[in-house]
Amino acid sequence: SLLQFVVDAANPTQVSSSCVQLLSILSAEQLASVPVLVIFNKIDLPCYMSLVEMKSLFRMQDIISCATQPITMLETSARDGTGLADV
């Protein structure tokens, strides 16, 4: 099994709440060994935040180093299909 966590990369006001939700999920005992795919969606919009920006805001390196499960990140656009094949 795999957990997919989708983040709206075009809505910076939701980043902090998304980060809190992700940390909550990662700390859940029943998910301690379930691989996690973090999907930064809506990269087709002009106001989207880049993967570098999102990783920085989410402090992904810190999260990955403390997590018990493997974490992978992808950028996607559900609208134009970018990255969906990788999901």
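View 1. Lys42 has a relative accessible area of 34%, so it counts as partly exposed (buried is under 20%, exposed over 50%, partly exposed in between, with a 1.4 Å probe and protein chains only). This is a predicted model, where local features need pLDDT of at least 70 and side-chain atom pairs count only at pLDDT 80 or more, while totals for chains, interfaces and linings use all residues. Residues are numbered from 1 along each chain as its sequence is written, and side-chain values use heavy atoms, leaving out hydrogens and water. You'll find Lys42 in the loop between β2 and α2 (helices are DSSP runs of H or I with at least four residues, strands are runs of E with at least two, and both are numbered from the N terminus). Leaving aside residues up to four places away in sequence, Lys42 touches Asp8, Ala10, Tyr48, Thr76 and Ser77 (contact means heavy atoms within 4.5 Å).

**View 2. Asp44 and the annotated stretch.** Asp44 also sits in the loop between β2 and α2. Its relative accessible area is 27%, which makes Asp44 partly exposed. Setting aside residues up to four places away in sequence, Asp44 touches Ser77, Arg79 and Asp80. An unreviewed UniProt entry puts the annotation "binding site" on Asn41, Lys42, Ile43 and Asp44 (positions follow the numbering used here, feature names are shortened, and annotations may be inferred rather than shown by experiment).

**View 3. An open sheet of three strands.** The strands run in the order β1-β2-β3, with parallel pairing (two strands pair if DSSP finds at least two bridges between them). At the edges are β1 (3-8) and β3 (71-75), each pairing on one side only. From one strand to the next, the twist averages 20 degrees (axes are lines fitted to C-alpha atoms, for helices over the stretch in contact, and angles run from 0 to 180 degrees between N-to-C directions). Six bridges join β1 to β2 (residues 36-41) in the parallel sense. Gln4 stands opposite Leu37 in β2.

**View 4. Helix α1 against the sheet.** Helix α1 (residues 15-27) packs on the sheet and touches β1, β2 and β3, its direction making about 170 degrees with that of β1. Which residues of α1 are buried? They are Val15, Ser18, Cys19, Leu22 and Leu26. Seen down the axis of α1, these buried residues fall within an arc of 100 degrees, so they line one face of the helix (the arc is that of the directions from the helix axis to the C-beta atoms). Their cover includes β1, β2, α2 (51-58), α3 (60-66) and β3. Turned away from that buried side is a face of α1 with the exposed residues Ser16, Val20 and Ser27.
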